Each structure stands twice: as structure tokens, then as C-alpha cells.
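Please look over the protein chain shown below before reading on. The report takes up its sheet, its helices and a few of its residues in turn.

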Amino acid sequence: MTLPRLNIYRHDRGARALVTLAGVIDPATAAQVRAALEQCLRDGITLIDVDLTTVERCDDSGLRVFLDVSEHAAESKAFLLLHHPSPQTERLLMDTGCDGLLHPTRPGGARPQRA
């Protein structure tokens, strides 16, 4: 039996959704992430909190999804916020200059600082 590469959990509270991702975000799973986040927007969610605590790895295909959905959210006056990225994901965000756009946070709410 093979385990899924990515699990997606969603919990709504009014117009806010917590989407918890667990596993790997790569070309094989990026479409799943996109579909889940875009569905939030179609459902009228205006604040999407994405918990990355249990994401083992996120590559540039995952980054593209977050950027695209963030742009779509802004068009409808909604927001996408990333929380608790791994050090690898945090580096990816910072190296590409996307850390400010996606508002990643560390445990305790501290913002990572650019080197």
C-alpha cells in the first residue's frame, strides 16, 4: 500500500479557512493544492490560512501555486497567508523575494528576516 504524497485538511470558520497541508508539494501534488485553495475562493472565503507545519518539502511548483492563488485572492479582496514554513520553504520564499507577499510566519508569529 502506498501512502498519499500530500494530505489536505480544511476547516472553515465563517469567511476564514484553515488549510493544513501534510506531505510534499511538488509537480505531482501542486494541482491538488491549487484546487483546494481555489475552492476556498469559490466558496467565498476571504482569508485563507495555510499551515505548512507538516510540509516536508515545497518546490517551485508549490511556490507558483501560492503566488497564483494569492493573486486571485487579491482580485477578490481576499488574502492568502502562509504559516510555519519549514526552513527550506522559508529559504525558497526569501530567495525568490516572495516572503513579503505571502506573509510567512514562524511559531510565535515572528516574521523571518531577509539576510
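What follows is a short report on a predicted model.

The model contains an open sheet of four strands, in the order 1-2-3-4 and with mixed pairing. Strand 1 (6-13) and strand 4 (79-83) each have a single partner strand, so both stand at the edges and one side of each is left without a neighbour in the sheet. On average, and with direction ignored, neighbouring strands of this sheet are turned by 20 degrees against each other.

Strand 3 (residues 47-58) and strand 4 run parallel and are joined by five bridges. In this pairing, I48 stands opposite L80 of strand 4.

**Helices on the sheet**

Helix 1 (residues 30-42) packs on the sheet and touches strand 1, strand 2 (16-25), strand 3 and strand 4. The direction of helix 1 makes about 10 degrees with that of strand 1. Helix 3 (residues 87-95) also packs on the sheet, where it touches strand 3 and strand 4. The direction of helix 3 makes about 115 degrees with that of strand 3.

**Two buried residues**

D51 belongs to strand 3. This residue is buried but has no salt bridge. Its nearest side chain of opposite charge is R16, at 11 Å, whereas a salt bridge requires the nitrogen and oxygen atoms to lie within 4 Å. Leaving out residues up to four places away in sequence, D51 touches L18, V19, T20, L21, H83 and H84.

I45 sits in the loop between helix 1 and strand 3. Is this residue buried or exposed? I45 has a relative accessible area of 4%, and therefore counts as buried. Apart from neighbours within four places in sequence, its contacts are R10, D12, G14, A15, R16, A17, C40 and A78. I45 and L80 are 35 residues apart in sequence, and their C-alpha atoms are 10.0 Å apart in space.

**Salt bridges**

How many salt bridges does the structure hold? There are seven, and the table lists some of them.

| Pair | N to O distance |
|---|---|
| D26 and R5 | 1.8 Å |
| R57 and D26 | 3.6 Å |
| D68 and R34 | 3.1 Å |

D26 forms a salt bridge with R5. D26 lies in the loop between strand 2 and helix 1, while R5 lies in the segment before strand 1, so the pair ties together parts that are 21 residues apart in sequence. D26 counts as buried because its relative accessibility is 7%. R5, at 42% relative accessibility, counts as partly exposed.

D26 also meets R57 in a salt bridge. This pair links distant parts of the chain, since R57 is in strand 3 and D26 in the loop between strand 2 and helix 1, 31 residues apart. R57 has a relative accessible area of 40% and is partly exposed. Together, R5, D26 and R57 are linked in a network of salt bridges.

The side chains of D68 and R34 meet in another salt bridge. Here the linked parts are two helices: D68 is in helix 2 (residues 60-75) and R34 in helix 1, 34 residues apart. D68 is buried, with a relative accessible area of 18%, and the cut-off for buried is under 20%. R34 is partly exposed, with a relative accessible area of 26%.

Notes
Residues numbered from 1 in each chain as written. Predicted model: local features only at pLDDT ≥ 70, side-chain atom pairs only at ≥ 80, totals over all residues. Heavy atoms only, no water. Pairing = 2+ DSSP bridges. Axes fitted to C-alpha atoms, helices over the stretch in contact; angles between N-to-C directions. Contact = heavy atoms within 4.5 Å. Buried < 20%, exposed > 50% of the residue type's maximum accessible area, 1.4 Å probe, protein only. Lys, Arg positive; Asp, Glu negative; His and termini not counted.
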